[in-house]
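Please look over the structure below before reading on; the briefing that follows takes up its surface, its overall dimensions and its charged pairs.

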Amino acid sequence: MQEVNMSLQELSPHVEALKNKLNVFVEQYCIPAEREFEDHMKHRFGKDRWTMEAIPPCVERLKQTAKSMGLWNLFIPPHLIKSIPPHLAPSCPLSFREYGILCETMGRSFLAPEACNCNAPDTGNMEVLMHHGTEQQKQQYLIPLLEGKIRSAFLMTEPSVASSDATNIQSTLTRIEKTTANGPKVSYILNGQKWWSTGAMDPRCKVALVLCRMDYSQCQSNNNNSSDSASNRRHGAHTVVLIDMNNDGVEMVRPLTVFGYDDAPHGHAEVKLTNIQVSPSDLIIGEGSGFQVAQSRLGPGRIHHCMRSIGLAQRCYEYMLERSLTRRTFGKLLCEHGGCQEQIADSVADLEAARLLTLSCAAAMDTHGARGARDKIASIKVAVPELTGRVVDRAVQIFGGAGVSDDFPLARALVGLRSLRIADGPDAVHKRTVALMEIKKAKRAMKQHSRL
């Protein structure tokens, strides 16, 4: 087990030096700036929390520091580096496993991912554009995102349907065909309602990727049978489009809160999309490619989320240890009580289990790609939020009343990790994926055994 641990966490000297720089950046710059961030936001209310003035100055300052230290755009995998300008490439190309190790360090501060331009949902959206974007889409949106000048959103979940089954998505992209003197002309109209659109209310958010269902009811060349069947298919009817967030048809219905936290000025929103004109050049890949696009951003993103969660839980565990070494009850230190010792031991085991599960998944992605590591990706999405959530819950318990206050980052950490069990697909969906793949393997093995 120790050899497996060492191989999964082993880094080359160059990457180790980069990790050391990141450690310094997070501990000496990001964590100290958290109080400045909170102080900047605490006297802002209502709409004032979603303006450019609401962006704490420390954010841009940290970005500049990260750039100067060579910590910018580290998420970009080696095979995508050639698709971007050299000056925006990471200082050191990293495998999924190597970047996962650095993600744990970033997760120790909620400011670090954005400061390094490695924050969700931007990383997933940038990867989509690097994989599938046209030159026009890259120039208009990818380059400003890579530069950190704008932010983005991914609009998928809807309030009126169970969006954990993405085939339920009801937002429509209506295809319009017109005959002109220059030949047939195609355009689209987008309508729908989305929510839990992370970052949509951020004043810097300029573009969104929207998952929608094709609607061919308005086509003039209506081979009705083929058009209707395309609209009603479960997996071939969905498309991802790019929309400008300044479009008049984009309405911010309301900011949403997560257990009372609005996470301003980034946050989450309910968004209404009304009669938005979309051109063919705004489609990603083309009609009916929605699930291909959506899946291409999920594998790496889940590793990032999981490793950042481990970093956050590790920080909370360190708070718990420090508290147990300085507080007394019934004549002795907390750490001298058997119950506290048990919680410390359980937390060590949970953290290491979460870390090794995720790095094993990342290593599998490096070797076999996202498709080949699909079962591991689904497994960590279930296991890691639960494992890390248990660690933070124990820390809250050891802290008592202070643990549920805003004096320490424990309460916010617990909220974030609990919500991860729903975000990006609930636990039940990922367990179903794992189970079906295991059943398929077992059937194949039984079939092969019966032939012997």
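At 40% relative accessibility, is E438 buried, partly exposed or exposed? Since buried means under 20% relative accessible area and exposed means over 50%, E438 counts as partly exposed at its 40% relative accessibility. The model discussed here is predicted, and every value below is computed from it.

**Overall dimensions**
- The protein chain contains 14 helices and 9 strands, and 52% of its 452 residues count as buried.
- For a chain of 452 residues, a compact globule would have a radius of gyration near 22 Å, and the 23 Å found for the protein chain agrees with this.
- The C-alpha trace of the protein chain spans about 90 × 70 × 45 Å along its principal axes.

- E438 is placed in helix α14, which covers residues 427-451, and its C-alpha atom is separated by 28 Å from that of G124, a residue 314 positions away along the chain.
- A positive surface patch is made up of R371, R374, K440 and R444.

**Salt bridges**
- Side chains of opposite charge can pair when their charged atoms come close, and in this model the count comes to 28 salt bridges.
- One of them joins R355 to E104, with the closest N and O atoms 2.8 Å apart; because R355 lies in helix α11 (residues 338-372) and E104 in helix α4 (residues 96-106), the pair ties together parts that are 251 residues apart in sequence, and both R355 and E104 are buried.
- Another salt bridge links the side chains of R151 and D122 at 2.8 Å, N to O; R151 lies in strand β1 (residues 151-155) and D122 in helix α6 (residues 122-132), so this pair ties together parts that are 29 residues apart in sequence.
- R151 is buried, with a relative accessible area of 4%, and D122 is likewise buried, with a value of 1%.
- The side chains of D263 and R412 also meet in a salt bridge, at 3.2 Å from N to O; since D263 lies in the loop between β6 (250-256) and β7 (268-278) while R412 lies in helix α13 (residues 410-419), the pair ties together parts that are 149 residues apart in sequence.
- D263 counts as partly exposed at 29% relative accessibility, and R412 is partly exposed with a relative accessible area of 33%.
- Salt bridges that share partners join E114, D122, R151, D202 and R204 into one network.

Methods. Residues numbered from 1 in each chain as written. Predicted model: local features only at pLDDT ≥ 70, side-chain atom pairs only at ≥ 80, totals over all residues. Heavy atoms only, no water. Patch = residues over 30% accessible without salt bridge, like charges linked within 9 Å, V, L, I, M, F, W, Y side chains within 5 Å. Areas by Shrake-Rupley, 256 points an atom, 1.4 Å probe, with all protein chains shown as cover. Salt bridge = Lys/Arg side-chain N within 4 Å of Asp/Glu carboxyl O. Lys, Arg positive; Asp, Glu negative; His and termini not counted. Charge placed at Lys NZ, Arg CZ, Asp CG, Glu CD. Helix = DSSP H or I, 4+ residues; strand = E, 2+ residues; numbered from the N terminus. Rg over C-alpha atoms; globule rule 2.2 N^0.38 Å. Buried < 20%, exposed > 50% of the residue type's maximum accessible area, 1.4 Å probe, protein only.
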